[in-house]
Amino acid sequence: MGHPTIYPTGTTVYNPAKAWSGYTIYQAAETGALLIDMNGREVHLWKGLRGFPNKLFPGGYVLGSTSERDPKYGFQDETNLVQVDWDGNIVWKFDHYEYIEDPGHPAQWMARQHHDYQREGNPVGYYVPGQEPKVDSGNTLILAHKNVKRPDISDIELLDDTIIEVDWEGNVIWEWAVSDHFHELGFDEDAKLALSRDPNTRGFGAHAGDWMHINSASVLGPNKFYDAGDERFHPDNIIWDARESSIIAIIDKSTGNIVWRLGPDYSTAETKHIGWIIGQHHAHLIPKGLPGEGNILIFDNGGWGGYGRPNPESEDGLKIARRDHSRILEINPVTLEIEWQYTPTEAGFQAPLDSYRFYSPYISSAQRLPNGNTLITEGADGRIFEVTREFELVWEYISPYKNSRNSNMVYRAYRVPYEWVPQLDLPVETELVPIDVADYRLPGAAPRGAVTSVEVEGTISYGEGALCVARRDEVVQKERDRDE
């Protein structure tokens, strides 16, 4: 799959009448946490603030990290989680989860935070009417790492995913580890054997096996299923997803037990209609007050994932499933019916020939907006866009920022209302009509059709299509004959 070397960046499409307008925040490579308006104007930058992810809170506060653990010794470990004000001053910080003594580095406390966190008051970290995150108090749910040895899973050390809750003073008041619930994950014997041999060591050398790679964790919040008496959906319960195992699950906050699970096997009678969910990110329950409330919204990346019996795709039983395109799925968690989806077909591409044109095999996210639209981060290509329920593209933005690997990837972006940022005047919203790429040319480039045309005779039919064939010298001779 090739990509152009020159392409537009910034906002390329904006329909103010159909988009849900506000500010969008994302980490602009190594530059920092960047806030943009709908026309792509850069309205504020928290320089140097890392985002795994960045989240904007009411009043112009933003959360992120100021440093990362040396990757020689820790995979995707943020040393801290901080909340800063509009001017970049740290007003809250958490770093006391584990005391680390890495070779060549001073011993220090670390948060080991990765991929997600939620502040009390809001279940999912993005705008929900009437559910605002607290900015000067409250607990914080944090997805973190710990290295553990679990011979019942593998003789190789594991990079385990934990979910912790800390109070405003930074005390850890609740902790859950996925390795403690191995028997609840639904792995068959082939998957257990593959995990035992290699718990996704990734060739990290000194690093432990990243066996689950949980990349999102959020509370359910108030929802219709709990209101109807289904205790699995208690508002305090926590939903998470793991890209390497293709599992999405809900845990009972009071017991830690898994009370609802989708995956790792999608060949069952109950799940076959969904198809295999592979390498997914940002699975969460759409909060009450938003269209689709109660359904689970997932960025189903595709790519590679899963453990099981070796097959032609996987000789060792690792990453047994593969799909080279992405999907957004909205699933009713009780009936398991797909209530809405956005796939390459809905994006307007011809499946399966060019399905890869909507494809991010890693990172990425989806946010439900108050008007029913969905904000999608197609992270691998640095593309953030908004579509309506009817799949119309009403806003699109391409990040112009590249990291040291020459990639403009965006982990996750969030849209917030203008009123959450009182420091700024309301921006002027200017419609951006999509350009006709067939006719667009840079200055000095020849326009389309500026070429001498010739009629080529002779076709060979193949089914419904036809292939024009002619040798170049025959075409030249016909031109000479015509001139004479």
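Leaving aside neighbours within four places in sequence, valine 421 contacts Tyr23, Leu35, Leu56 and Trp86. The model is predicted.

**Valine 421**
- Valine 421 sits in the loop that runs between β29 (414-416) and β30 (459-462).
- Its relative accessible area is 1%, so valine 421 counts as buried, the cut-off being under 20%.
- Arginine 357 is 64 residues from valine 421 in sequence. In space, the C-alpha atoms of valine 421 and arginine 357 are 35 Å apart.

**Largest pocket**
- The volume of the largest pocket is about 1300 Å³.
- Its lining takes in 34 residues. Nearest the centre of the largest pocket lie Pro4, Tyr7, Arg383, Glu396 and Ile398.
- β28 supplies the largest share, with three residues.
- By class, the lining of the largest pocket holds 21 nonpolar, seven polar and six charged residues.

**Second largest pocket**
- The second largest pocket has about 960 Å³ of volume.
- 33 residues line the second largest pocket. Phe52, Glu68, Gln76, Arg405 and Met409 are those nearest its centre.
- Strand β5 (residues 50-57) gives the largest share of this lining, three residues.
- The lining of the second largest pocket divides into 13 polar, 11 nonpolar and nine charged residues.

Technical notes:
Residues are numbered from 1 along each chain as its sequence is written. This is a predicted model: local features need pLDDT of at least 70, side-chain atom pairs count only at pLDDT 80 or more; totals for chains, interfaces and linings use all residues. Side-chain values use heavy atoms; hydrogens and water are left out. On a 1 Å grid over the protein atoms alone, a cavity is a set of points where a 1.4 Å probe fits but cannot get out, and a pocket is an open set with protein on both sides within 12 Å along at least five of seven lines; lining residues have an atom within 4 Å of a point. Grid points are joined across faces, edges and corners, and a volume is the space filled by probe spheres set on the points. Helices (H or I, at least four residues) and strands (E, at least two) are DSSP runs, numbered from the N terminus. Ala, Val, Leu, Ile, Met, Phe, Trp, Tyr, Cys and Pro count as nonpolar, Asp, Glu, Lys and Arg as charged, and the others, Gly among them, as polar. Buried means under 20% relative accessible area, exposed over 50%, partly exposed in between (1.4 Å probe, protein chains only). Contact means heavy atoms within 4.5 Å.
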